[in-house]
Amino acid sequence: MEANGDIVIRTHRATLLGRAAGSEVVAYEADDLDPAARPGWSVVVTGAATAVSDPSELARYRTQLTPWVDTEMERVVRIQADVVTGYRLVSGEPGSRPVTGRCPRTRG
């Protein structure tokens, strides 16, 4: 989920991201690939990760962010999206190259 340009995810304490207590810099990747048609994309967000601790925010995110695995996801982490990089896989002739891009975000 994106909130004011930041990425907000649910996770559990056993992960390194779930144990983030301060402003640790992390890289978070999300991607998708259509196995039939073969196009896809991948995006990496790099920035400081902090645990969400405000009770009203926690309640809202726990309602809005539903885990897709059958595991308790008690932690909510916000990643400040300072640098966003990604690429798009395009279908085409054999040997075609992915489209790449970099979009640094300025915080102000």
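**View 1. Arg78 sits in strand β5.** Arg78 has its place in strand β5, residues 75-79; strands here are DSSP runs of E with at least two residues, helices are runs of H or I with at least four, and both are numbered from the N terminus. This is a predicted model, in which local features need pLDDT of at least 70 and side-chain atom pairs count only at pLDDT 80 or more, while totals for chains, interfaces and linings use all residues. Residues are numbered from 1 along each chain as its sequence is written, and side-chain values use heavy atoms, with hydrogens and water left out.

View 2. Is Arg78 buried or exposed? Arg78 is buried, because its relative accessible area is 19%, and buried means under 20%, exposed over 50% and partly exposed in between (1.4 Å probe, protein chains only). Its side chain makes a polar contact of 2.5 Å with the side chain of Glu57. A polar contact is a pair of N or O atoms within 3.5 Å; within protein, one must be able to donate a hydrogen and the other to accept it, and residues adjacent in sequence count only if both atoms are side-chain atoms. Not counting residues up to four places away in sequence, Arg78 touches residues including Asp6, Ile7, Ala48, Thr50 and Tyr61, where contact means heavy atoms within 4.5 Å.

**View 3. Strand β5 is covered on both faces.** Five of the five residues of β5 are buried. Arg75, Val77 and Ile79 lie on one side, and Val76 and Arg78 on the other. In a regular strand the side chains alternate between the two faces of the sheet.

**View 4. The strands that pair with β5.** β2 pairs with β5 in the antiparallel sense over five bridges, and β4 also pairs with β5 in the antiparallel sense, over three bridges; two strands pair if DSSP finds at least two bridges between them. Thr11 has Arg75 of β5 as its bridge partner, while Ala51 stands opposite Val77.

**View 5. The largest nonpolar core.** Nine residues make up this core: Ile7, Ile9, Leu17, Val26, Val45, Ala49, Val77, Ile79 and Ala81. Two or more of them come from each of β2 (6-11), β4 (40-51) and β5. Apart from this core lies another, of six residues, among them Leu58, Tyr61, Leu65 and Val76. A nonpolar core is a set of buried Ala, Val, Leu, Ile, Met, Phe, Trp, Tyr and Cys residues joined through side-chain atoms within 4.5 Å. In soluble globular proteins, nonpolar side chains tend to be buried together.

**View 6. Asp32 in strand β3.** Here we turn to another strand: Asp32 is in β3, residues 24-33. Asp32 counts as partly exposed because its relative accessible area is 46%. Leaving aside neighbours within four places in sequence, Asp32 is in contact with Gly40 and Trp41. Asp32 and Leu89 are 57 residues apart along the chain, and their C-alpha atoms are separated by 9.7 Å.

**View 7. The whole chain.** To finish, here is the wider setting. Of its 108 residues, 26% count as buried. Among contacts in the chain with a separation of 6 or more, 62% are between residues 24 or more positions apart.
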